[in-house]
Amino acid sequence: ALQIGNDEIRKAKQAIEESEALHRITLKNISDTVIITDDHGKIIYACPNTSMIFGLSQNQVYERGSIQVLIKGHACDLSELRKVQEIPNIEWRVVDSSGRERLVLISAKSVSIRGGTVLYVMRDITDRKKAEESLRHSEKIHRTVTNNIWDSIAIVQDSKVVWANNVALNKMGYSENEFIGLEFQNIIHPDDLPGAIQRFQDRMSGKPVEDPSYLRVITKDGKI
């Protein structure tokens, strides 16, 4: 018969305790909030860092009872989740304990853990979204300004045109798709090309470049 000594039992128990302690430390220090519910939405488990999104302690989250109450709604269709097993990247708005609205990214996954059947991983993307919206707003302003001035503007990177305003496109006779990606030496008059290349190289190396400099360009229909 197989016999297990007290020493082996003690070591196994210690290993389990150490593993659980490591698990708790990991969940406490990650930025994502992890919640496990049953099929009815009852909260079976909430990780220790729930305050990061909800401003609530772990016990306060348990007191909410269900995920529907916590996030004020159904983030995903459970019948659909059972079919596909995982639904990632659901954008959802929640309100924390101070009344501040936060935008979170929720991923839901079917599991079977101690009576829990749905695992929710939530990440606060409020600041990231604000930064993205600010960038889009700045880009919109930039486009509006550059497309409504009289000068032609084009940006060249690695000898290719990567951006041009509407004035440049209209004067050159190209559509945006046609113009972007053109080698800049193909649109500059051959007599002006050596000087243009030298100025480009000087600018890239940090040497002083005389401004303004004048170049003749060749339009799509071959005009100068």
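# Close-up views of a predicted model

**View 1. Asp191 sits in the open.** Asp191 counts as exposed because its relative accessibility is 58%; exposed means over 50%, buried under 20%, and partly exposed in between (1.4 Å probe, protein chains only). Asp191 belongs to the loop between helix 8 (176-179) and helix 9. Helices (H or I, at least four residues) and strands (E, at least two) are DSSP runs, numbered from the N terminus. Asp191 and Arg216 are 25 residues apart in sequence. In space, their C-alpha atoms are 8.6 Å apart.

This is a predicted model, where local features need pLDDT of at least 70, side-chain atom pairs count only at pLDDT 80 or more, and totals for chains, interfaces and linings use all residues. Residues are numbered from 1 along each chain as its sequence is written, and side-chain values use heavy atoms, with hydrogens and water left out.

View 2. Among the elements, helix 4 (residues 67-71) has the highest mean, 95. Helix 1 (residues 6-29) has the lowest, 59. Where pLDDT is low, predicted coordinates should not be read in detail.

**View 3. Helix 9 spans residues 193-204**. Its 12 residues reach 16 Å from first C-alpha to last. That is close to the expected 16 Å, a span defined as 1.5 Å times one less than the number of residues. Leu193, Ala196 and Asp202 are buried in helix 9. Just after the helix, Gly206 takes a positive phi of about 90 degrees.

**View 4. The largest pocket has a volume of about 880 Å³**. A pocket is an open set of points on a 1 Å grid over the protein atoms alone, where a 1.4 Å probe fits, with protein on both sides within 12 Å along at least five of seven lines. Grid points are joined across faces, edges and corners, and the volume is the space filled by probe spheres set on the points. The lining has 24 residues, each with an atom within 4 Å of a point. Ala154, Val156, Ile188, Leu215 and Val217 lie nearest the centre. Strand 6, helix 7 (166-172) and helix 9 each give two or more residues to this lining. Helix 9 gives the most, with 5 residues.

**View 5. Strand 6 meets strand 7 in a hairpin**. Strand 6 (residues 154-157) and strand 7 (residues 160-164) pair antiparallel over 4 bridges; pairing takes at least two DSSP bridges. Gln157 stands opposite Lys160 in strand 7. The hairpin has 2 residues between its strands, and Asp158 takes a positive phi near 55 degrees.

**View 6. Strand 4 pairs with strand 3** **and with strand 5**. Strand 3 (residues 86-95) and strand 4 (residues 101-113) run antiparallel over 8 bridges. Ile90 has Ile106 in strand 4 as its bridge partner. In the turn of this hairpin, Gly99 has a positive phi of about 90 degrees. Strand 4 and strand 5 are also antiparallel, over 8 bridges. Ser110 stands opposite Val118 in strand 5.

**View 7. Tyr174 and Phe179 form an aromatic pair**. A search of the whole structure finds 1 such pair. Ring centres of Phe, Tyr and Trp (its six-membered ring) must lie within 6.5 Å; planes under 30 degrees apart are stacked, over 60 edge-to-face, the rest tilted. This pair is tilted, at 5.3 Å centre to centre and 35 degrees between planes. Tyr174 and Phe179 are both buried.

Key. pLDDT is the predictor's confidence in each residue, from 0 to 100.
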